[in-house]
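The sequence and structure come next.

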Amino acid sequence: MSDYQNDYIVIVKRLGKGPYILEKLTDYIQNQECITCHKLLQSVSFYNHIAGIMLDELPYPQWVYAECWSCGYQNALWKLCAIDLASKIEQEIHGVNGL
Ligand SMILES: [Zn+2]
């Protein structure tokens with residue numbers, strides 16, 4: 001099993017608890033496309049959630065998502081990470097051009 005496949009399984013089960021730096025997470029999310037309409041994401045939101053990640057100095061885990069300004073879909077961080085990794089696995093198996 002490749003490293004990517006291992007990473008993918010870990011992320012699908014649960015994103016690592018962190019702590020994460022909000023500024024870096026925001027940079028990451030703003031380079032991702034909306035899952036449903038494929039527009040680039042812009043805003044990052046979060047709220048207290050037991051299954052979330054530790055973020056900056058906040059005392060309670062946060063559920064991080066990006067609401068698409070175009071279609072309104074709320075893109076959960078773990079889904080963005082999973083899709084990002086899935087595309088890396090795809091490239092690893094089939095090559096960048098899908099051959
Ligand atoms: Zn969208």
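What share of the contacts in the protein with a separation of 6 or more comes from residues 24 or more positions apart? The share is 56%, where two residues are in contact if their C-beta atoms, placed from the backbone, lie within 7 Å.

The model is predicted: local features need pLDDT of at least 70, side-chain atom pairs count only at pLDDT 80 or more, and totals for chains, interfaces and linings use all residues. Residues are numbered from 1 along each chain as its sequence is written. The average pLDDT (the predictor's confidence in each residue, from 0 to 100) is 83, and 79% of the residues score at least 70.

**Fold and sheet**

The protein has three helices and three strands, in the sequence pattern α-α-β-β-β-α. Helices (H or I, at least four residues) and strands (E, at least two) are DSSP runs, numbered from the N terminus. Two strands pair if DSSP finds at least two bridges between them. The two pairings are listed below.

| Strands | Sense | Bridges |
|---|---|---|
| E1 (residues 45-53) and E2 (residues 62-67) | antiparallel | five bridges |
| E2 and E3 (residues 74-76) | antiparallel | three bridges |

Ile-53 stands opposite Gln-62 in E2, and Glu-67 has Gln-74 in E3 as its bridge partner. Six residues lie between the strands in the hairpin of E2 and E3, where Gly-72 takes a positive phi near 85°.

Together the three strands form an open sheet in the order E1-E2-E3, with antiparallel pairing. E1 and E3 are the edge strands, each pairing on one side only. Neighbouring strands of this sheet are turned by 45° against each other on average, direction ignored. Helix H3 (residues 77-94) packs on the sheet and touches E2 and E3, and its direction makes about 65° with that of E3. For such angles, axes are lines fitted to C-alpha atoms, for helices over the stretch in contact, and angles run from 0 to 180 degrees between N-to-C directions.

**Burial and core**

A residue is buried if 20 or more other C-beta atoms lie within 10 Å of its own, exposed if 12 or fewer, and partly exposed in between, with C-beta atoms placed from the backbone. Buried residues make up 17% of the 99 residues.

A nonpolar core is a set of buried Ala, Val, Leu, Ile, Met, Phe, Trp, Tyr and Cys residues joined through C-beta atoms within 7 Å. The largest one has 12 residues, among them Leu-25, Cys-34, Val-64, Cys-68 and Leu-80. H2, E2 and H3 are the elements that give two or more residues to this core. Not counting residues up to four places away in sequence, Cys-68 touches Cys-34, Cys-37, Lys-39, Leu-41, Tyr-73 and Asn-75.

**Gln-30**

Gln-30 lies in the loop between helix H2 (22-29) and E1. Gln-30 counts as partly exposed because it has 13 C-beta neighbours inside 10 Å. Leaving aside neighbours within four places in sequence, Gln-30 is in contact with Leu-40, Leu-41 and Gln-42. The C-alpha atoms of Gln-30 and Val-44, 14 residues apart along the chain, are separated by 8.3 Å.
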